Amino acid sequence: MDAIGTPSFEALDALLAKLQAKLSAREVHALYLGALTSTNLQLGPQRLLDRILGDAPVMGASIDDANAALQILFGYWNTLVAERDGGRVQFAPDVLPEEPTRDDLLAFAMRRRDEVQWFVRGIDAGGDDPIEFGDDSKYLLEGIAKGSSYLHAYVELLGRETTRNAEQVQQTRTMLVELVGTLEGLIGDLMTVSDAVRRHAIATFAARAGRPTDDGVPIARSVKVGRNEPCPCGSGKKWKKCCGGVSTVQ
C-alpha cells in the first residue's frame, strides 16, 4: 500500500487475482469511479462487493485474511476519493508505447472502451436518473456517450484492418490519447457536479429537518453523525472534513 487505507492499483490487482474475483482491477477501478459519480448518498464499496466478487466469494482461509481483503477493497475506494479531490481523475494505469503496433492500439482502445462501460455501470448501481445531475451536466453525459461510441468505432476499425503504415499508426495513437484525455476530463467534471448535488442535498435536508411538509408531516431528523465518523455521502472522508463543514441552506 502507498499509505494506510490507500492501496495501490497493483495491490488491488494482486488481491483480485488471488480471490479469483468476477471483475479485474481495471473494471473495479472504473466501477468505483462511476459509483463515486452517483448522487446516491448510500452507495459505497460495501454495496458493490457482489458485483466484484460474484455470488460465492472466497475471502481467505481466516477472519484475518477476510479483513485484509476488505481493507484493500474498501481502501482503494479511498484512493480514488483522494485522486478525485486532487483533480486527478484517470482510467486505470496504462502505458501506450511511443511507437505502438496496430495490436497495441487495438488493446488500448478495447481497455478504454470497457472502462467507460464499467464507469456507467457504477453510476447505474446508484439508480441515478440523468435529471438528478442537473441541467448543467447534460453536455457532460452526452460527451461521455459520444466518446464511448468513438472508442467502439476505433475497436471495430482496428480489429478489421490488418495493416497500417507507421504514419497512420502514429496519427491513430495521437487521436486515441486525446480522446481518452477528453473522456477523463468529462468524467472529472461530472464527478464535481455530482459531488455538489450530494452536498446540496445533505445541507438542504439538514436545514429542513423537523419542519412540517406541505401535508403537515414533519420531516424526519437525520441520524446524528459524529465529527470523526465517515461522511454518509460516501466520499471516504470524515464528516467534519466533508459535508459536516458545508453551510446549511436557509
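Is tyrosine 76 buried or exposed, and what is its relative accessible area? Tyrosine 76 is buried, with a relative accessible area of 3%. Buried stands for under 20% relative accessible area, exposed for over 50%, and partly exposed for the range in between (1.4 Å probe, protein chains only).

The legends below describe a predicted model, in which local features need pLDDT of at least 70 and side-chain atom pairs count only at pLDDT 80 or more, while totals for chains, interfaces and linings use all residues. Residues are numbered from 1 along each chain as its sequence is written, and side-chain values use heavy atoms, with hydrogens and water left out.

**View 1. The whole chain has seven helices and zero strands.** Helices (H or I, at least four residues) and strands (E, at least two) are DSSP runs, numbered from the N terminus. Along the sequence the pattern reads α-α-α-α-α-α-α. Of the 250 residues in the chain, 41% are buried. The accessible surface is about 13,900 Å², and carbon and sulfur atoms hold 52% of this surface; the areas come from the Shrake-Rupley method with a 1.4 Å probe, and for residues only the protein chains shown count as cover. Among contacts (heavy atoms within 4.5 Å) with a separation of 6 or more, 71% join residues 24 or more positions apart.

**View 2. Confidence in the chain has a mean pLDDT of 83.** The pLDDT is the predictor's confidence in each residue, from 0 to 100. A value of 70 or more is reached by 80% of the residues. Over residues 246-250 the pLDDT is below 50, and this stretch has eleven contacts in the model beyond near neighbours in sequence. Confidence is highest in α2, at a mean of 96, and lowest in α7, at 88.

**View 3. Helix α4 covers residues 63-85.** Its 23 residues reach 33 Å from the first C-alpha to the last, close to the 33 Å expected at 1.5 Å a residue. The expected span is 1.5 Å times one less than the number of residues in the helix. Buried residues of α4 include Ala66, Ala69, Ile72, Leu73, Tyr76, Trp77, Leu80 and Arg84. An α-helix has 3.6 residues a turn, so residues three or four places apart point the same way. After α4 comes glycine 87, with a positive phi near 75°.

**View 4. The largest nonpolar core holds 58 residues.** A nonpolar core is a set of buried Ala, Val, Leu, Ile, Met, Phe, Trp, Tyr and Cys residues joined through side-chain atoms within 4.5 Å. Tyr32, Leu48, Ile52 and Leu73 touch the most other members. Two or more residues of this core come from each of α1 (9-19), α2 (25-37), α3 (49-53), α4, α5 (102-125), α6 (138-160) and α7 (166-208). In soluble globular proteins, nonpolar side chains tend to be buried together.

**View 5. Ring pairs join Tyr32, Tyr76 and Trp77 into a cluster.** Rings of Phe, Tyr and Trp (its six-membered ring) pair if their centres lie within 6.5 Å; planes under 30 degrees apart count as stacked, over 60 as edge-to-face and the rest as tilted. Tyrosine 32 and tyrosine 76 form a tilted pair, 6.5 Å centre to centre, with 35° between the planes. This pair links tyrosine 32 in helix α2 to tyrosine 76 in helix α4, 44 residues apart. Tyrosine 32 and tryptophan 77 form an edge-to-face pair, 5.3 Å centre to centre, with 75° between the planes. Here helix α2 holds tyrosine 32 and helix α4 holds tryptophan 77, 45 residues apart. Tyrosine 32 is buried because its relative accessibility is 0%, and tryptophan 77 counts as buried at 3%. Leaving aside neighbours within four places in sequence, the contacts of tyrosine 32 are Pro45, Leu48, Ile52, Leu73, Tyr76, Trp77 and Leu80.

**View 6. Histidine 29 sits in helix α2.** Histidine 29 is buried because its relative accessible area is 3%. Not counting residues up to four places away in sequence, histidine 29 touches Phe9, Tyr76, Leu80, Gln90, Phe91 and Ala92.

**View 7. Arginine 111 lies in helix α5.** Arginine 111 counts as partly exposed because its relative accessibility is 24%. Apart from neighbours within four places in sequence, arginine 111 is in contact with Arg26 and Asp94. The C-alpha atoms of arginine 111 and glutamate 27 are separated by 9.2 Å, although the two residues are 84 apart along the chain.
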